[in-house]
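Let's take a walk through this protein model, one feature at a time. Keep the picture open as you read.

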Amino acid sequence: MSLKRYLLASYAALIINLANIFVAGQGDGLNCDPCIDRPTYRIRAIVHGTSDDMFWQRLRASSIQAGKDMRVQLDFDLYDEYDPDLMARDIEAAATGPDPPDALIVTIPSPSVEKAITKAMKYVPIFGMNSGYDVANRVGVLDFIAMDEHEGGRVAGEEFLKENRNITRALFVNHNKGNSAMDQRFHGFSEGLGGNIIVEELPVDLQQPNDAAAESISSAVESCNYDTFLLGGSSSTLKMTLTALNAHNCPHP
């Protein structure tokens with residue numbers, strides 16, 4: 001199973017497990033008798049993912065299906081743009097409003113979101129996923145599913161070195177600048193490659209027209225200085241990078 005499919009399955013499992021927690025807490029939802037009336041639970045997911053990102057589209061669809069399988073209403077919208085401050089306001093509003101959900105599922109991409117979650121936890125149970133592994137315990141969410149971004153980056157760097165001991169310069173393409181998880185991944189990647197290899201970061205904005213991000217990548221690789229790449233974002237980032245390398249006749253695997 002690919003890493004992306006594993007993560008999608010894991011996040012969907014989080015929805016199922018969360019539904020089980022509420023159902024078990026009421027004591028009447030585990031019975032399979034169709035004649036038994038069961039309460040309806042409403043869970044809301046507020047995440048930093050955007051509607052044009054294929055990863056988040058698939059994650060949303062699989063999570064909603066998991067909720068339906070457990071007869072749990074899952075409200076899961078995606079933002080048009082990455083905006084952690086808006087996300088923070090939405091978390092506080094959802095928790096303190098007149099009709100709060102039974103629980104929230106959130107990502108924690110920034111300090112402003114972390115602060116909002118701390119306030120919101122006084123009103124609703126909150127679970128975390130995807131971004132924010134390094135701060136989840138401090139914030140106090142009830143459970144969290146994701147990888148340690150620093151560790152993931154470090155292992156990626158070490159795996160690259162296993163495949164090629166002659167790496168001299170690496171490029172980290174950051175599709176979500178401002179997300180603390182990506183900063184953690186970058187630092188881990190640099191650590192995994194060791195201190196003798198130059199590791200540079202290239203922020204790209206996938207919210208803008210793709211040709212802008214493609215031009216940024218093309219400009220970065222035109223001199224063919226990089227022999228290793230760690231790419232954030234969806235498959236579009238990979239396609240842009242390969243297109244740029246081929247256009248400049250840069251060697252690559």
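## The disulfide

Start with the cysteines: the count here comes to one disulfide, meaning a pair of cysteine sulfur atoms within 2.5 Å. The partners are Cys-224 and Cys-250, with an S to S distance of 2.0 Å. Their link is left-handed, with -80° about the S-S bond.

What does the pair tie together? Cys-224 sits in the loop between helix H8 (210-221) and strand S8 (228-231), while Cys-250 is in the segment after helix H9 (235-247), so the bond ties together parts that are 26 residues apart in sequence. (Helices, H or I with at least four residues, and strands, E with at least two, are DSSP runs numbered from the N terminus.) Cys-250 counts as buried at 6% relative accessibility, whereas Cys-224 is partly exposed at 29%. Buried means under 20% relative accessible area, exposed over 50%, and partly exposed in between, using a 1.4 Å probe and protein chains only.

## How the model was read

This is a predicted model, so local features need pLDDT of at least 70 and side-chain atom pairs count only at pLDDT 80 or more, while totals for chains, interfaces and linings use all residues. Residues are numbered from 1 along each chain as its sequence is written, and side-chain values use heavy atoms, with hydrogens and water left out.

## Two nonpolar cores

In soluble globular proteins, nonpolar side chains tend to be buried together. A nonpolar core is a set of buried Ala, Val, Leu, Ile, Met, Phe, Trp, Tyr and Cys residues joined through side-chain atoms within 4.5 Å.

The largest one has 21 residues, and Ile-91, Leu-104 and Ile-108 are among those with the most contacts inside it. Helix H3 (84-96), strand S3 (103-106), helix H4 (111-120) and helix H5 (133-139) each give it two or more residues. H3 gives the most, with five. A second, separate core has 16 residues, including Phe-55 and Met-129.

## Where H6 meets H7

Now look at helix H6 (residues 149-163) and H7, which pack at an angle of about 35° with their axes 6 Å apart. (Axes are lines fitted to C-alpha atoms, for helices over the stretch in contact, and angles run from 0 to 180 degrees between N-to-C directions.)

Arg-185 belongs to H7, which covers residues 180-193. Beyond its neighbours within four places in sequence, Arg-185 is in contact (heavy atoms within 4.5 Å) with residues including Met-147, Phe-172 and Leu-230.
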